[in-house]
Amino acid sequence: MKKSLLTLFFLSMLALAACGDGEDGASEEPDDNGAAETEQGETVSAGEEEYATNCAACHGADLSGGVGPALNQIGSKYTQDEIAEIVQNGIGTMPAQSVAGEELENLTSWLAEKQ
């Protein structure tokens with residue numbers, strides 16, 4: 001009985017080791033520049049990641065607009081501080097968004113670059 005339990009334990013450990021640690025090669029941790037890597041190996045800035053999470057549903061994944069206006073040239077119309085105010089307080093039919101701190105800084109910095 002002891003031998004079969006030991007064998008079962010060993011085989012279980014071997015199977016778990018073969019499965020790895022659950023990582024699929026994609027980095028979820030941002031690098032020193034605040035960029036993360038997608039499953040396809042593309043580098044995505046922290047601001048772009050925030051945009052995808054919080055804005056793309058209304059403004060389009062490519063900033064081309066949708067329910068909300070296009071943002072592909074938002075930086076030529078508003079400063080980073082103005083964009084932050086819009087995000088936090090809303091404008092027109094856009095409601096205030098719950099983005100703050102570093103996430104807001106990353107998002108608005110990235111959007112302000114869109115000229």
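## The annotated site

UniProt, in an unreviewed entry, places the feature "binding site" at Cys55, Cys58, His59 and Met94. These residues are spread over 40 residues of sequence, yet they cluster in space. The largest C-alpha distance among them is 10.6 Å. Cys55, Cys58, His59 and Met94 also belong to the lining of the largest pocket. The model shown here is predicted.

## Two residues of the site

Start with His59. Helix H3, residues 56-59, contains it. Is His59 buried or exposed? His59 has a relative accessible area of 10%. Buried means under 20%, so His59 counts as buried. Leaving out residues up to four places away in sequence, His59 touches Tyr51, Ser64, Gly65, Gly66, Gly68, Pro69, Leu71 and Met94.

Now take Met94. This residue sits in the loop between helix H4 (80-89) and helix H5 (101-112). Its relative accessible area is 23%, and Met94 is partly exposed. Which residues does Met94 touch, not counting residues up to four places away in sequence? They are His59, Ile86 and Val87.

## The whole chain

The chain has 5 helices and 2 strands. From the N terminus on, the order is α-β-β-α-α-α-α. Of the 115 residues in the chain, 26% are buried.

Consider contacts between residues at least 6 apart in sequence: 41% of them join residues at least 24 apart. The chain exposes about 8,300 Å². Carbon and sulfur atoms supply 52% of that area.

Terms used. Residues are numbered from 1 along each chain as its sequence is written. This is a predicted model: local features need pLDDT of at least 70, side-chain atom pairs count only at pLDDT 80 or more; totals for chains, interfaces and linings use all residues. Side-chain values use heavy atoms; hydrogens and water are left out. Helices (H or I, at least four residues) and strands (E, at least two) are DSSP runs, numbered from the N terminus. Buried means under 20% relative accessible area, exposed over 50%, partly exposed in between (1.4 Å probe, protein chains only). Contact means heavy atoms within 4.5 Å. Accessible areas come from the Shrake-Rupley method with a 1.4 Å probe; for residues, only the protein chains shown count as cover. UniProt positions are given in the numbering used here, feature names are shortened, and annotations may be inferred rather than shown by experiment. On a 1 Å grid over the protein atoms alone, a cavity is a set of points where a 1.4 Å probe fits but cannot get out, and a pocket is an open set with protein on both sides within 12 Å along at least five of seven lines; lining residues have an atom within 4 Å of a point.
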